[in-house]
Amino acid sequence: MAFDYDLFVIGVGSGGAAAAKTAAKYGIRVGVAEKEALGGTCLNRGCIPKKFIVYAADFALKNRMAHDYGWSGGKRHFSWLRFINSAHQQIKSIQESYQETLQKAGIELFRSQAKFIDEHTVEVDGRNITAEKFLIAVGAQPTKPHIPGIEYGITSRQIFKLPHLPKRLAIVGGGYIGVEFASMMNAFGCEVTVIDTSEIILSGFDRDIRRHVQNGLSNRGIRFIRNSTAKAIKFCEDNLLLTIAGHSQKIMTADSVLIATGRAPNTSNLGLENAGVKLGENQEILVDEYSRTTQENIYAVGDCTDRLQLTPVAKAEATAFVKTVFGNQPQTVNYEHVPSAVFTRPEAASIGMSEEKAREKFGDSIKCYQTKFQPLISQLTIKDEQALMKLVVEGESERVLGAHMVGEHAADIIQSLGVAIRKGITKQDLDDTIAIHPTTAEEFLTLN
């Protein structure tokens, strides 16, 4: 059978775009479909705009520190609309570069929803398109709890479209999305309250890291309501009344309520049942170690599967898929040492095992090295600012199993340690390394 394409990719986010561009280098015919803006969640309503907000918020924090560093002058004014317009212009420019790259690679782009008719056919904008192989890279979307008045809550998707900053912001959910927005909006002067079902935010991270970030945010004025969740939202006289249930039972007033309770695979309306592609309990696409679905010619990568929901992971899965299927170089992705970061202030980052996970696997043979100290930049101004560094090592060999940090440049420092930890670095290797002084990173080389 003659197919229209050798590979057809559904979704042009980070994973889908990486797969399409890599596959085109092998000289195969590639088509892609995207019903929304090119670049997916990461570019349009995730990593990139979020990091722009982090930078904008940092100016507010640094402005407060400037006086202690000898700067004087009038108070600056922050324009949310001016900032958002600048961010959107840059995002639009990146979207255009996505399209140009696809065109230069000879990849045909369809700006519409794709729906499977059978395992080799999709319908796109009223046209049936066939392909020998398909890659699904449609990502995930924010979820909302089924509570009265949930229509008044916004998600991370809408927060970038707010016409103005809320004076009082309630955030439901203490994962990295909710916590990052809490940090940013607090820096802009918003009164922020985080409601979380756990005692400590950032479930999944090392417990010491979680506590340290929560304490740091509390010191900056963010309020935490623990072991509780939202029960209802009601609109009343230009305000939102948020009913809270659990350990704390109260009604609080807010101007906006951000729902950050998780994300779900974006797998509806794809006609996957027509192609024999099976889903898991949470509507995620089931895949094997080579990203193959239950239909042998259809693959899936990124947040629509049941693996790590991180942009670099989606790209790695996409590249491994192409090399396996079209490059005759079977590859899988190693998820053991994937770094992650939380762009709060203070910033947090981790790679490898938390202390809790290490103890589950290795028992009492593990050791932990940890330090808290005041970063140099805050010694003239924020007297209670503390950085935290922690190494989790294995037994007598002291092979580093995990590295965790809260503090200035945590993400960049942990990223730099990533290669070494993957290669089996030991605590002694760090001790034997000569540091650059004065830096924050040097503290990892002097842990006792």
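**Aromatic pairs and a few other spots**

A: Ring pairs link Y5, F8, F110, F116 and F134 into a cluster. Keep in mind that this is a predicted model.

Q: Nice, and how many aromatic pairs are there in the whole structure?
A: The search turns up 13 aromatic pairs. One of them is F8 with F110, a tilted pair at 5.9 Å centre to centre, with 50 degrees between the planes.

Q: Which parts does that pair tie together?
A: F8 sits in strand β1 (residues 5-10) and F110 in strand β3 (residues 108-110), so the pair ties together parts that are 102 residues apart in sequence.

Q: Is F8 buried or exposed?
A: F8 is buried, at 0% relative accessibility. F110 counts as buried too, at 11%.

Q: And what about W80 and F188?
A: Their ring centres are 6.2 Å apart and the planes are at 75 degrees, so that pair is edge-to-face. W80 is in helix α4 (residues 80-104), while F188 is in the loop between α6 (176-187) and β9 (191-195). Both W80 and F188 are buried.

Q: Switching topic: where does N266 lie?
A: You'll find N266 in the loop between β15 (263-265) and β16 (298-300). N266 is buried, with a relative accessible area of 16%.

Q: Which side chain does the N266 side chain join in a polar contact?
A: That would be Q141, at 3.4 Å. Beyond its neighbours within four places in sequence, N266 is in contact with V138, G139, A140 and Q141.

Q: Last one: which residues make the nonpolar surface patch?
A: Y69, W71 and L380 make that patch, which is about 370 Å². L380 lies in the loop between β19 (366-373) and β20 (387-394), and counts as partly exposed at 46% relative accessibility.

Conventions. Residues numbered from 1 in each chain as written. Predicted model: local features only at pLDDT ≥ 70, side-chain atom pairs only at ≥ 80, totals over all residues. Heavy atoms only, no water. Patch = residues over 30% accessible without salt bridge, like charges linked within 9 Å, V, L, I, M, F, W, Y side chains within 5 Å. Areas by Shrake-Rupley, 256 points an atom, 1.4 Å probe, with all protein chains shown as cover. Salt bridge = Lys/Arg side-chain N within 4 Å of Asp/Glu carboxyl O. Helix = DSSP H or I, 4+ residues; strand = E, 2+ residues; numbered from the N terminus. Buried < 20%, exposed > 50% of the residue type's maximum accessible area, 1.4 Å probe, protein only. Polar contact = N/O pair within 3.5 Å; in protein donor to acceptor, adjacent residues only side chain to side chain. Contact = heavy atoms within 4.5 Å. Phe/Tyr/Trp six-rings, centres within 6.5 Å; stacked < 30°, edge-to-face > 60°.
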